[in-house]
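Reader: Please show the model, and then I will ask about its parts in turn.

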Amino acid sequence: MDKVFIQDLNVETLIGLYPWEQQVKQPMVINLELGWDMRKAAATGDLQYTLNYAEVVERVHRFCREHQHILLESFSDDLARILIQQFNVPWLKLAVGKTTTITAARQVGIEIERSAGDYASK
Ligand SMILES: Nc1nc2c(c(=O)[nH]1)N=C([C@H](O)[C@@H](O)CO)CN2
């Protein structure tokens, strides 16, 4: 499958178990791979047939501004559902890393893969 990727997107959001984490936005790094059939865009040269990565980036930033989560797992599953449903993406891989939580590690985080069928009746 063809893929659009977004690497090392820097975002800030309210996330975490601890009270301080629910008061202060934390930096995170997001990596995304999004499945997309690019043949029509390639044949026509028309942006309307692409998965426009600029629009995806803007949607991710809006999600980070508008939502608060306890766990990375909840953040990731909610974001995956929104991207799959809003952009008609058949499949995605999403990795989310906290960059300041564990000082001995460059990043800690999780990675998920989801398909449109995972959210079909929700
Ligand atoms: N798998 C996870 N582990 C942890 C999470 C998480 O969201 N998913 N969160 C925390 C705390 O919020 C962390 O930021 C404090 O160190 C711990 N482990």
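Reader: Which residues does the UniProt annotation "domain: Dihydroneopterin aldolase/epimerase" cover?
Author: This is a predicted model, in which local features need pLDDT of at least 70, side-chain atom pairs count only at pLDDT 80 or more, and totals for chains, interfaces and linings use all residues. Residues are numbered from 1 along each chain as its sequence is written. UniProt positions are given in this numbering, with shortened feature names, and annotations may be inferred rather than shown by experiment. According to the unreviewed UniProt entry, the annotation covers residues 4-114.

Reader: In what order do the five strands form the open sheet?
Author: Strands (E, at least two residues) and helices (H or I, at least four) are DSSP runs numbered from the N terminus. Two strands pair if DSSP finds at least two bridges between them. The pairing here is mixed, and the order is β3-β1-β2-β4-β5.

Reader: Which are the edge strands?
Author: An edge strand here pairs on one side only. That applies to β3 (68-69) and β5 (108-115).

Reader: Which residue in β2 is the bridge partner of F5?
Author: β1 and β2 pair in the antiparallel sense, over nine bridges. Within β2, the partner of F5 is E33.

Reader: Which residue stands opposite Q68 of β3?
Author: Strand β1 (residues 3-15) and β3 run parallel and are joined by two bridges. Opposite Q68 stands L14.

Reader: At about what angle to β1 does helix α2 run?
Author: Axes are lines fitted to C-alpha atoms, for helices over the stretch in contact (C-beta atoms, placed from the backbone, within 7 Å), and angles run from 0 to 180 degrees between N-to-C directions. Helix α2 (residues 53-66) lies across β1 and β2 (26-35), and its angle to β1 is about 15°.

Reader: Is W91 buried, partly exposed or exposed?
Author: A residue is buried if 20 or more other C-beta atoms, placed from the backbone, lie within 10 Å of its own, exposed if 12 or fewer, and partly exposed in between. W91 is found in strand β4 (residues 91-98). Because W91 has 18 C-beta neighbours inside 10 Å, W91 counts as partly exposed.

Reader: Which residues does W91 touch, not counting those up to four places away in sequence?
Author: P27 lies 26 Å from W91, C-alpha to C-alpha, and 64 residues away in sequence. The residues that W91 touches are M1, G35 and S115.

Definitions and conventions
Contact = placed C-beta atoms within 7 Å.
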